[in-house]
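Hi everyone, thanks for coming.

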Amino acid sequence: MFNHLLSLLIWLPVVGAIPVLLAGNARPNLARWLSMLVAVLTFVVSLFLLLQYHADAGGMQLSENYLWIASWGVHYGLAVDGISVALIVMTTFVGILVVAGAWEVIQDRPHQYMAAMLMLEGLLIGVFCATDALLFYALFEAILIPMFILIGIWGGPRRVYATLKFFIYTFFGSVFMLVALLYLYQKAGTFDMATLAALPLTMTEQTWIFFAFLIAFAIKVPMVPVHTWLPDAHVEAPTGGSVVLAAVMLKVGTYGMLRFILPIVPDAGAHFAWLVIVLSLVAIVYIGYVALVQEDMKKLVAYSSVAHMGFVTLGIFIAFLLVRESANTDMAELGMQGAMVQMISHGFVSGAMFTCIGVLYDRMHTRQIKDYGGVINVMPWFGFFYMLFAMANCGLPGTSGFVGEFMVILASFAANPWIALFAAFTLIIGAAYTLWLVKRVLWGEITNPHVAEMKEINGRETFVLVAFAAAVLALGVWPQPLVHLMGSSVSQLVHQLAIRKI
Amino acid sequence: MPNLNDILIMLPEFYLVAAACLLLLLDAFMKPEQRSVLHWLSIIVLVVAIYLVIAGQPEHAVTAFGGMFVRDEVAEILKVFALGTTVLVFVYARPYLIDRKLLIGEFYTLMIFAVLGVMLLVSAGNLVTVYLGLELLSLSSYALVALNRDAPLPSEAAIKYFVLGALASGMLLYGMSMVYGASGMGGTPTLDLAQLHHVMSYTKAPTLLLFGLIFMIVGVGFKLGAAPFHMWIPDVYQGAPTPVTAFIASGSKLAAFGMAFRLLDSGMGDLSHQWQLMLAVLAVVSLAIGNLVAIVQTNLKRMLAYSTISHMGYLLLGLSAASPEGYAAAMFYAICYALMSVAAFGVMLALARAGFECEEIADLKGLAKKSPWMAFLMLLTMFSLAGVPPLFGFWAKALVLEAAIHAHMLWLAIVGIVFAIIGLYYYLYVIKVMYFDQPAEGSVLQPKPDAPLRVMLSLNALALLALGLYWGPLLGWCRHAFGI
């Protein structure tokens, strides 16, 4: 079993979706329990993965490698390092909460909803452990299909516009990556990512490939100025879709940067690091201001996601500056480490924020901030959780939001104090938009009579929020296990940055 | 005198001629209500033909009748898939034909003759055989399009098809005659494709040869439906009875690939540096016209017609690489396209009823609620046509793009990929209509309770997924056929 742990993790939810589908519309409860069973099983298997992985050794472990397409040299290659393991466990954790979160909320064809969620989960896990570039690409694209369906069927009023925009936008980015991969295949004769990493490339080639990769991943992250699909997709997606989108799918973009840009085109990456850093800072500062003026809660959190993902890209590319210009590997590792922690933390925090908005939406069927006010009076427990996640969102020490941001700011200070100055703006802007949101929704007098009729969160919702809260607090108070899990993998990545290909 | 060996090499073809004639005779002596027997007999005939093709496969390429007929692996693969997709068309067509009182012997006989044309065409070793196969296929197709002869739209489509087809055949013949003439200036005039291969090296009239080449490419372009020779495609697709459209979009495209390969590589291979760019231009124009015009279509058959044009652009991407890898990728693409289009038309056939063609995109509204399984099959087909992994269509696209990059035509690959993004929209639109829209008032949209149709259609669409997950053997087979 342990030889095929990764395959099991990928295929369990994908194959598990089939009986859920077969349960059919007539037996919604069967479909719900089945999907819960599959999600829990997947989570348990991912915990096994956590136990099996040797964090101290680092490197790619638990690898499976089979020749998939002989005449093209494509392998079914899977392996994980610490970063993948962390992301996988986060994915399976969020997977359970998404199934629980949708329990009675989704009344229209719940079996299809649950099945799409499970397939999405399996494909996302696949993305995080593929070691063959073509396999990665296929999974990277395939995740669009269930998401397209999720937003399109169970989304809000403008769901068709949002889902088409989401699909075409992200597809647009990734096809250029396909051309780049085919070009690399011409040179290397393989799609194996480790071989591609060792492939010598001229600066011109690297530049073109770098931009092909950057378009693909920047759209997924998303970075300014290609973030415009995200607010639409988030606003229209059902709660579960938003949670998976924010918590896991955005990470696919930054994960791709780690696996493709860093090892394959390091010189172009270093040369254009300034570009990505500037875009990240724009995301942090400018998008923060954009979030401030949103009137729709989901849009606000969506923009704040863009800003927070800016920290991840900043942390990754600041490492380029540190390694290449001042050979400061310690600081580079810190920045990269911070970016990784931020990825995981943002997964929990944004997932929790979207779940909270979903809770409100299920009661009021509106996401406009102005329709709320004084919610704390009728839903004190909900208010408690909402406040907690809001605090995590603005990076309060003691919550997971603080750890990653702090590490990235520290590392950027070593590279250039100006970068750190702009990055630190987030502490003010983030606090401003989040606290103002909380003020308008939770506090104050009840002005809308419908708010007075809202019911306190039920057991199922409490379960989901408690799980998120536990993760957020655990990472905030004691991030060491996570840092240790990813530590050796991060330092290997940073050492790879130092190797010049030209 | 032809010897026995020649006849053995052409056994599947001879067998099909005999079987088709027998079916025609049988039909004449059959009562109208017994016609279902014909249906099953025709399917058996084709299945046996597939068996004969596979069982008699020679180890190396062999020729018969003095090089007129070539039996090699390329021909074998194309024949198997052309026969196979025709079997699918027969299975899908039955309820549709019964509803419209079109279940007549002519349909089956003409279809079998058309497939015979495909088989001759892909096995051609001589310009005469090319022409013979092409005309057999085309004439049968013209008649098939007009099968429902009392309706105005099919008749109009058939006439358009015939007039344009005749023009294209004329062009092709004209080109062939020039090539023949050029081969005579400096050597013995020949129509044999293998001998024509080296004609460039000794002919005293290279300009004439090039002119001939251009005219022949027009003929190939017409058969493929590549822009700017695509004018017939939308009208014929829309006007023809859906089973016939399914055949034209599948078996006929395999034939067109075979014809292009025989004429351009076997015959004019030495001129590849000349026709490479011509095909690349055809590819770009087809991609542009096909994808852009498909966006505004409201009729599903017309939309699929423009999508065919764009898919032929991708096929040409592979052909224009002019290398064994490129041909293998293009053949892989042709097979993939045949399977996809036959599935798409299969869903339309399954949903059509008497008086309801199910040919408007809006007719599919809310299909996911009315018939989730049919909607799912169509979803697979549409994502495959759009080239989204992990479905079959994606790998075919990746292969032709790789072939183009391999042939140092990176720009062409980038054009191809840009139009793949544009093309995505109209496939997604069909899924949107099926899944995100509510069913129209009083819409029935139930698939035919015809078990063979349902089973085969399900297998067909699921094969797009299965082949998407494991396409190695098929690619290996295609590559082996071209000696890699």
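Let me start with a question: is B:G67 buried, partly exposed or exposed? Have a look before I go on. One thing to keep in mind is that this is a predicted model.

Okay, here's how I'd work it out. Count the C-beta neighbours of B:G67 inside 10 Å, and you get 16. A residue needs 20 or more to be buried, and 12 or fewer to be exposed. So B:G67 counts as partly exposed.

Where does it sit? B:G67 is in the loop that links β1 (62–64) to β2 (69–71) of chain B. If we skip residues up to four places away in sequence, B:G67 touches B:G125, B:N126, B:D192 and B:A194. Now find B:M378, which is 311 residues away from B:G67 along the chain. Their C-alpha atoms are 44 Å apart.

Let's zoom out to the whole of chain B. You'll find 22 helices and two strands there. Its radius of gyration is 21 Å, close to the 23 Å that the globule rule gives for 484 residues, so chain B is as compact as a globular protein of that length. Along the principal axes, its C-alpha trace spans about 75 × 55 × 40 Å. Of the 484 residues, 59% are buried. And if you take contacts between residues at least 6 apart in sequence, 79% of them in chain B join residues at least 24 apart.

Over to chain A. Chain A has 22 helices and two strands. The C-alpha atoms fill a box of roughly 70 × 55 × 40 Å along the principal axes. In chain A, buried residues come to 63% of the 502.

Let's pick one helix pair in chain A. How do α3 (residues 82–101) and α15 (residues 329–364) of chain A pack, at what angle and how far apart are their axes? The angle is about 5°, and the axes are 10 Å apart. Angles under 35 degrees count as roughly parallel, so that's what we call α3(A) and α15(A). On the α3(A) side, the contact includes A:I83, A:A86 and A:M90, and on the α15(A) side it includes A:M340, A:I344 and A:G347. By class, that contact has six nonpolar, five polar and no charged residues.

Now, how do the chains meet? In all, 25 residues of chain B are in contact with 29 residues of chain A. On the chain B side, α19 (392–406), α20 (410–436) and α22 (472–481) each supply at least two residues. The most come from α20(B), which gives eleven. Sorted by class, the chain B side has 19 nonpolar, three polar and three charged residues.

The angle between α19(B) and α20(B) is about 155°, with axes 7 Å apart. That makes them roughly antiparallel. The crossing of α19(B) past α20(B) is left-handed. B:K397, B:L401, B:A404 and B:I405 are the α19(B) residues here, and they meet residues of α20(B) including B:L410, B:L412 and B:A413.

Methods:
Residues numbered from 1 in each chain as written. Chains lettered and ligands numbered in written order. Predicted model: local features only at pLDDT ≥ 70, side-chain atom pairs only at ≥ 80, totals over all residues. Contact = placed C-beta atoms within 7 Å. Helix = DSSP H or I, 4+ residues; strand = E, 2+ residues; numbered from the N terminus. Nonpolar A, V, L, I, M, F, W, Y, C, P; charged D, E, K, R; others polar. Axes fitted to C-alpha atoms, helices over the stretch in contact; angles between N-to-C directions. Parallel < 35°, antiparallel > 145°, perpendicular 65-115°, else oblique. Left-handed = near helix turned anticlockwise from the far one by under 90°. Rg over C-alpha atoms; globule rule 2.2 N^0.38 Å.
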